[in-house]
Amino acid sequence: MRSEFLARAEAYRAEIVGLARRIIQTPSPSGREGEIVQLIASEMQAAGFAKVWTDPFGNAIGQVGDGPVKIAIDAHIDTVGPGNRDLWERDPYSGDTDGTWLYGRGASDQKAAMAAMIYGMKIMRELGALDAFTVYVVGSVLEEDCDGLCWRYIIEESGLRPDFVLITEPTEMRVNRGQRGRIEVRLRVTGRSAHASSPELGDNAVYKMARVVAELERLNERLPVRPVLGKGTIAVTEISSQSPSLNAIPDVCEVHLDRRLTVGESKDQVFRELEDALRQAGIAGTVRELVFDEPSYTGLRYPTEKYFPVWLEAEDALITRAAAKTYHRVFGRDPQIAHWNFSTNGTVTAGVYHIPTVGFGPGAEALAHAPNERVKIEDLVFSAAFYAAFPATLLTELAQDSHKKGG
């Protein structure tokens, strides 16, 4: 038997799809989200949110309820660019639908979820599922350039620190309870320039870096595999060199490294590994952690290190149980419990601030950033039902947990 939440979401199918289409049809690359923030704020107001505002960083925030337990439901509303348009079968900003799928950049990652969140709150209000909680629905910005930065700003500067967070990145309708972390660094080696006609007079920084890169490849092979989140990885994603001219031996070479962190790995450990790789290669070099310092569309800068901690909620943690019970309440069956392979804003809410965080969203991780990105319409509608039921279910689970502890 269908739940009342699912029945109400099905009744709003056309409206939910229509809003998702409008959101997809509004391009919002990172750093240029102003137009879509206005659209989302307007839709929140139309859906009857108690309060709607845009913070100085540019995040769209809507409030439903006014209880003491603070629950945030987050979707980033920026996207990567379309890439090579020749690889798209439809215009990436068309918002086309064939009745089964909704197409366009951001369909999975993660504009469809934003539409489902807004209608989820509308359904929650209409069904009288409000309780002693406040829900903050957040359309966050600049995530694609620096995941979690929006939440660093919200928590540190806006004074809004939720007690629980639901991330709506694509999960293929599973309940996700964590992700690997990552850190971005630059590794630099130097040499000595000489005329390219006499390379033996110089000390080629590119050749030196080649030996270091070989050590990094070997490092990746021996990184540990952990339960649930799997293996840590390291990848060279960019290499560059400097020389006085193209007829001169390079005297500087740098590589950009993407180091994914699994359970038990830390930033300090990464720097020790890289220093050891330099020693194994017999090359002197320097390792530098990177800082993100680009403005949001409002012009505000909020510099932060490009270190994104790993996080993993226990399968029996209160928030994981609450998400699983919401799923069963709405759909009448138990969910799959999984995790993301990529990084999300949860790296800050859970990884930095240790706020209980869980994920549930329409779309597939494999379709994020890909041509012909799409989302199942059924999953979009189902997600609205889940978001409508989640706050009250979480509060019930919290009350039961408190009663057990008190007893």
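This is a predicted model: local features need pLDDT of at least 70, side-chain atom pairs count only at pLDDT 80 or more; totals for chains, interfaces and linings use all residues.
Biologist: How far apart in space are Gly83 and Ala370, C-alpha to C-alpha?

Modeller: In sequence, 287 residues separate Gly83 and Ala370. In space, going from C-alpha to C-alpha, the two are apart by 8.4 Å.

Biologist: Where is His369, which has a positive phi?

Modeller: His369 has a phi of about 70° although it is not a glycine. With 44% relative accessibility, His369 counts as partly exposed. As for its place, you'll find His369 in the loop between strand S19 (357-359) and strand S20 (374-376).

Biologist: Leu142 is another non-glycine with a positive phi; what is its relative accessible area?

Modeller: The phi of Leu142 is about 65°. Leu142 belongs to the loop between strand S5 (133-140) and helix H5 (149-158). This leucine is buried, with a relative accessible area of 1%.

Biologist: Over to helix H1 (residues 4-11): how wide an arc do its buried residues cover around the axis?

Modeller: The buried residues of H1 are Phe5, Leu6 and Ala9. They are on the same side of H1, because the arc they cover (taken from the directions from the helix axis to the C-beta atoms) is only 95°.

Biologist: Which residues of helix H2 (residues 13-24) make the contact with H1?

Modeller: H1 and H2 pack at about 65°, with axes 4 Å apart; axes are lines fitted to C-alpha atoms, for helices over the stretch in contact, and angles run from 0 to 180 degrees between N-to-C directions. Contact means heavy atoms within 4.5 Å. H1 brings Ala9, Glu10 and Ala11, and on the H2 side there are Arg13, Glu15 and Ile16.

Biologist: How are helix H3 (residues 34-46) and helix H4 (residues 107-126) set relative to each other?

Modeller: Their axes come within 10 Å and cross at roughly 20°. Ile36, Ile40, Glu43 and Met44 of H3 make the contact with Lys111, Met114 and Ile118 of H4. Angles under 35 degrees count as roughly parallel, over 145 as roughly antiparallel, 65 to 115 as roughly perpendicular and the rest as oblique. H3 and H4 are therefore roughly parallel.

Biologist: Which peptide bond is cis, with omega near -15°?

Modeller: Look in H4, where you'll find Gln110. The cis bond is the one from Asp109 to Gln110.

Biologist: Last one: which residues does Glu273 touch?

Modeller: Glu273 is in helix H7 (residues 267-281). This glutamate is buried, at 14% relative accessible area. Not counting residues up to four places away in sequence, Glu273 touches Leu219, Leu223 and Arg259.

Conventions:
Residues are numbered from 1 along each chain as its sequence is written. Side-chain values use heavy atoms; hydrogens and water are left out. Buried means under 20% relative accessible area, exposed over 50%, partly exposed in between (1.4 Å probe, protein chains only). Helices (H or I, at least four residues) and strands (E, at least two) are DSSP runs, numbered from the N terminus.
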